[in-house]
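Here are my notes on this model, as numbered points. Please read them with the structure open.

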Amino acid sequence: MQGKIVASLGLILTTWWALPATAKDLDDLILTPNLCVVTDEQPVCQLNLSIEYQAPLTEQACLWRSDDETPLSCYAAFNHVSLSLFLSIKRNTMFRLLDMNANLIAQAEFTTAKYNPVKSRRRRGLGWNL
């Protein structure tokens, strides 16, 4: 059993390393924080979001928010991309780093989660408790 697990793990790691560099590096865009909880009383997340990309850029690239028509910021051949923004976000939002030919360099998703508190159950009073 243990040999099968080790063999499976080896196959998974071998498959991952065999992927082209572009497929492995798509998650190198780092969002901090990457999650926000919304409620009925506060349906919009308002936060300072830090976005980083740590691999060197060899050409000009722009950082895009999925629901915007203009880029958040553009960079030309940097070793490290870092941006801090104050944003209001209502739903899951994808951030993408694209080159000038609209090729994807990196991406990350900011996730919003809806908090639904459990409604308390009505006590039946069946006489079970003393």
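1. How many disulfides does a search of the whole structure find? The search finds two. A disulfide here is a pair of cysteine sulfur atoms within 2.5 Å. With bonded cysteines counted along the chain, the pattern is 1-2, 3-4.

2. A word on the basis. This is a predicted model, in which local features need pLDDT of at least 70 and side-chain atom pairs count only at pLDDT 80 or more, while totals for chains, interfaces and linings use all residues. Residues are numbered from 1 along each chain as its sequence is written, and side-chain values use heavy atoms, with hydrogens and water left out.

3. Take the pair Cys36 and Cys45. Their sulfur atoms lie 1.9 Å apart. The link is left-handed, with -105° about the S-S bond. Cys36 is buried, at a relative accessible area of 17%. Cys45 is buried too, at 1%. Buried means under 20% relative accessible area, exposed over 50%, and partly exposed in between (1.4 Å probe, protein chains only).

4. Now Cys62 and Cys74. The sulfur atoms of this disulfide are again 1.9 Å apart. The torsion about its S-S bond is about 100°, so this disulfide is right-handed. The pair links distant parts of the chain: Cys62 sits in strand E4 (residues 60-65) and Cys74 in strand E5 (residues 73-76), twelve residues apart. Strands (E, at least two residues) and helices (H or I, at least four) are DSSP runs, numbered from the N terminus. Cys62 is buried, with a relative accessible area of 4%. Cys74 is partly exposed, at 38%.

5. Which strands make up the open sheet, and in what order? There are five, in the order E2-E8-E7-E4-E5, and the pairing is mixed. Strand E2 (35-38) and E5 stand at the edges with a single partner strand each, so one side of each lacks a neighbour in the sheet. Neighbouring strands are turned by 15° against each other on average, direction ignored. Axes for such angles are lines fitted to C-alpha atoms, for helices over the stretch in contact; angles run from 0 to 180 degrees between N-to-C directions.

6. Check the pairings next. Two strands pair if DSSP finds at least two bridges between them. E7 (residues 93-99) and E8 (residues 104-114) run antiparallel and are joined by six bridges. Phe95 stands opposite Ala108 in E8. E2 runs parallel to E8, with four bridges. Val38 has Lys114 as its bridge partner in E8. E4 and E5 are antiparallel, also with four bridges. Gln60 stands opposite Ala76 in E5.

7. E2 has a covered face, Cys36 and Val38, and an uncovered one, Leu35 and Val37.

8. Two backbone details deserve a look. A cis peptide bond joins Thr32 and Pro33, with omega about -10°. Pro33 is in the loop between strand E1 (29-32) and E2. Ala102 has a phi near 65°, a positive value in a residue other than glycine. Ala102 lies in the loop between E7 and E8. At 56% relative accessibility, Ala102 counts as exposed.
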